[in-house]
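Work through these exercises with the sequence and the model side by side. Try each task before you read its solution.

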Amino acid sequence: MSDLIGGAVEAGYVARARLARLLQASTPPPDPRAERLAQDGLLVLPGLLPAAEVERIRAANAAWFDLDHRDELVFSPDGKLLREAAAATRAEVERYYFLHVKNYQRKFDLYRVFSELLDPNLRAYYGSRWAARDIYCYRNQPVPAVQGSYAWHRDNYPTGSLKVMTYLTPVRGVEDGPLTVARGSHRGFAPSLGKIGDRFDDAWVKERFELVHALGEPGTVIVFNNNAVHRAWDPSRGCREALNFTVFPAVLPPEPSDVKGRDLGEEAGWLKRYTR
């Protein structure tokens, strides 16, 4: 009997070892980009958005950002408050902290474009499908004071969220208004939902973290953990235009009832979601 039990145990060990080898063989090696995003909180993908797509968007934006025809614009005077540009004077709008084009999701099928471009990187990072929402286009210009997104901050979003930013104008130095991330500052952070993320002094951030300026030509895509400490810089030598949206891990496409109206002229229920 003992020989029988011993043989069964040995056979079990052999079977388990074979299964482990099979699982190891079927598990893909770690993706270096996903590893970098997980560790640094930042992944810069130069030239990911094709030049022809950049030009198509820029050409349309040139008309939509026309301050003489402000019905399609929302502006912020301070980086926090949002106002309808049509209800303000031209002089007020010209001092914008940033401009938004309203209902941007309706104007371009950018979910389709970005889903093809980003799918390999996001699937490698999440190990699952993913959902995108809220594509906006920002135009920033020099402002008199550091505030809003120009201050160091965390977004305080749910764990697992990432933001995707795409430069439509050259960002070759701090003067062009790059996104800057404090490397690794997302690690160990637990969001406390329902409030705006904390702001941080410049000295506090520089003492604790290495700063990474995300530079690039038009079409550069930056994927970053928006719970990392980060900021945008005042584009002191002209305007900066960028697309910005958020992604989350997903199993099934979100239900229409999950869609919330925003303060940018959007209505609940229409937002186009693209889930990969």
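## Exercise 1: Two faces of a strand

Buried means under 20% relative accessible area, exposed over 50%, and partly exposed in between, with a 1.4 Å probe and protein chains only. Helices (H or I, at least four residues) and strands (E, at least two) are DSSP runs, numbered from the N terminus. The model is predicted: local features need pLDDT of at least 70, side-chain atom pairs count only at pLDDT 80 or more, and totals for chains, interfaces and linings use all residues. Residues are numbered from 1 along each chain as its sequence is written, and side-chain values use heavy atoms, with hydrogens and water left out.

Task: find the strand joined to β10, and the bridge partner of threonine 180 in β10.

Solution. 
- Now look for the neighbour. Strand β8 (residues 179-182) runs antiparallel to β10, and four bridges join them. Two strands pair if DSSP finds at least two bridges between them.
- Pick out the residue. Threonine 180 has histidine 213 as its bridge partner.

## Exercise 2: A strand covered on both sides

Task: decide whether the residues of strand β11 (residues 221-224) are buried or exposed on each face, then name the strands that pair with β11.

Solution. 
- Check one side. Val221 and Val223 are buried there.
- Check the other side. Ile222 and Phe224 are buried too, and both faces of β11 are covered.
- Take the first partner. Strand β1 (residues 42-45) pairs with β11 in the antiparallel sense over four bridges. Leucine 43 has valine 223 as its bridge partner.
- Take the next partner. Strand β7 (residues 162-167) is antiparallel to β11 and joined to it by four bridges. Here lysine 163 stands opposite phenylalanine 224.

## Exercise 3: Strand β13 and its partners

Task: how many residues of strand β13 (residues 240-250) are buried, and which strands pair with it?

Solution. 
- Count the buried residues. Nine of the eleven are buried, so β13 is mostly covered.
- Look at β5. It pairs with β13 in the antiparallel sense over ten bridges. Arginine 139 stands opposite glutamate 241.
- Look at β7. It pairs with β13 over six bridges, again in the antiparallel sense. Threonine 166 stands opposite leucine 243.
- Tryptophan 130 is found in β5 and is buried, at 1% relative accessible area. Its C-alpha atom is separated by 5.6 Å from that of phenylalanine 248, 118 residues apart along the chain.

## Exercise 4: The cores

Task: which residues have the most contacts inside the largest nonpolar core?

Solution. 
- Set the rule. A nonpolar core is a set of buried Ala, Val, Leu, Ile, Met, Phe, Trp, Tyr and Cys residues joined through side-chain atoms within 4.5 Å.
- Read off the answer. The largest core has 38 residues, and Tyr104, Leu118, Val223 and Val247 have the most contacts inside it.
- Helix α6 (residues 110-126) gives the largest share, seven residues.
- Move to the second core. This separate set of twelve residues includes Leu179, Val181, Ala214 and Ile222.

## Exercise 5: An aromatic pair

Task: what geometry does the pair of phenylalanine 98 and tyrosine 138 have?

Solution. 
- Apply the rule. Rings of Phe, Tyr and Trp (its six-membered ring) pair if their centres lie within 6.5 Å; planes under 30 degrees apart count as stacked, over 60 as edge-to-face and the rest as tilted.
- Count the pairs. There are six aromatic pairs by this rule.
- Classify this one. The centres of phenylalanine 98 and tyrosine 138 are 5.4 Å apart and the planes are at 80 degrees, so the pair is edge-to-face.
- Phenylalanine 98 lies in strand β4 (residues 98-101) and tyrosine 138 in strand β5 (residues 129-140), so the pair ties together parts that are 40 residues apart in sequence.
- Check burial. Phenylalanine 98 is buried at 8% relative accessible area, and tyrosine 138 is buried at 18%.
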